[in-house]
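I opened my notebook to look at how one protein chain folds. Here is what I looked up, step by step.

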Amino acid sequence: MKTLWDMIRAQAEVRPDALALLAPGEAPLRYGELRDRVERSAAALRALGVRTEDRVAIVLPNGLRMAEAFLSVASCAAAAPLNPAYTKQDFVFYLRDLGAKILLAGEGTPA
């Protein structure tokens, strides 16, 4: 069975310059660039000790950075996106419940 990441890597091999991700107001990401970014990010997560069975929380607004972060995490661990609009109390609850090994958050996130 192929994963989403397998399909993205395959497209990057065949059509590296084809558009992969689009978001309003942001420069598009092409498959080759997306593959390279995801592989670098996943390698960095693994270097931090993240393994397949670990959970990684992601707190970013919708857009290319969130999509890239989600794919990076999902390629090497369990990705757990959290709503950046949560209150501090919500974050405390969800992060405890999740038991995330790592938290990826944008600047200014109350988490």
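These entries go from the whole chain to the sheet and then to the helix contacts.

**Ground rules.** I noted that this is a predicted model, in which local features need pLDDT of at least 70, side-chain atom pairs count only at pLDDT 80 or more, and totals for chains, interfaces and linings use all residues. Residues are numbered from 1 along each chain as its sequence is written, and side-chain values use heavy atoms, with hydrogens and water left out.

**Overall plan.** I found four helices and five strands in the protein; helices (H or I, at least four residues) and strands (E, at least two) are DSSP runs, numbered from the N terminus. Along the sequence their pattern reads α-β-β-α-β-α-β-α-β. The radius of gyration, taken over C-alpha atoms, is 15 Å.

In what order do the three strands of the open sheet lie? I read E4-E3-E5, with parallel pairing; two strands pair if DSSP finds at least two bridges between them. Strand E4 (78-81) and strand E5 (102-105) are at the edges with a single partner strand each, so one side of each has no neighbour in the sheet. On average, neighbouring strands are turned by 25 degrees against each other, direction ignored. Axes here are lines fitted to C-alpha atoms, for helices over the stretch in contact, and angles run from 0 to 180 degrees between N-to-C directions.

I then looked at strand E3 (residues 55-59), which is joined to E5 by four bridges. Ala57 stands opposite Leu103 in E5. Helix H4 (residues 88-98) lies across E3, E4 and E5, at about 160 degrees to E3.

**H2 and H3.** The axes of helix H2 (residues 31-47) and helix H3 (residues 64-74) come within 8 Å and cross at roughly 55 degrees. The two helices are therefore oblique to each other; angles under 35 degrees count as roughly parallel, over 145 as roughly antiparallel, 65 to 115 as roughly perpendicular and the rest as oblique.

**H1 and H2.** Helix H1 (residues 4-14) has an axis that comes within 8 Å of that of H2, and they cross at roughly 130 degrees. That makes this pair oblique. The contact includes Trp5 and Ile8 of H1, and Leu34 and Val38 of H2.

Definitions and conventions: Contact means heavy atoms within 4.5 Å. The radius of gyration is taken over C-alpha atoms; the globule rule is 2.2 Å times the number of residues to the power 0.38.
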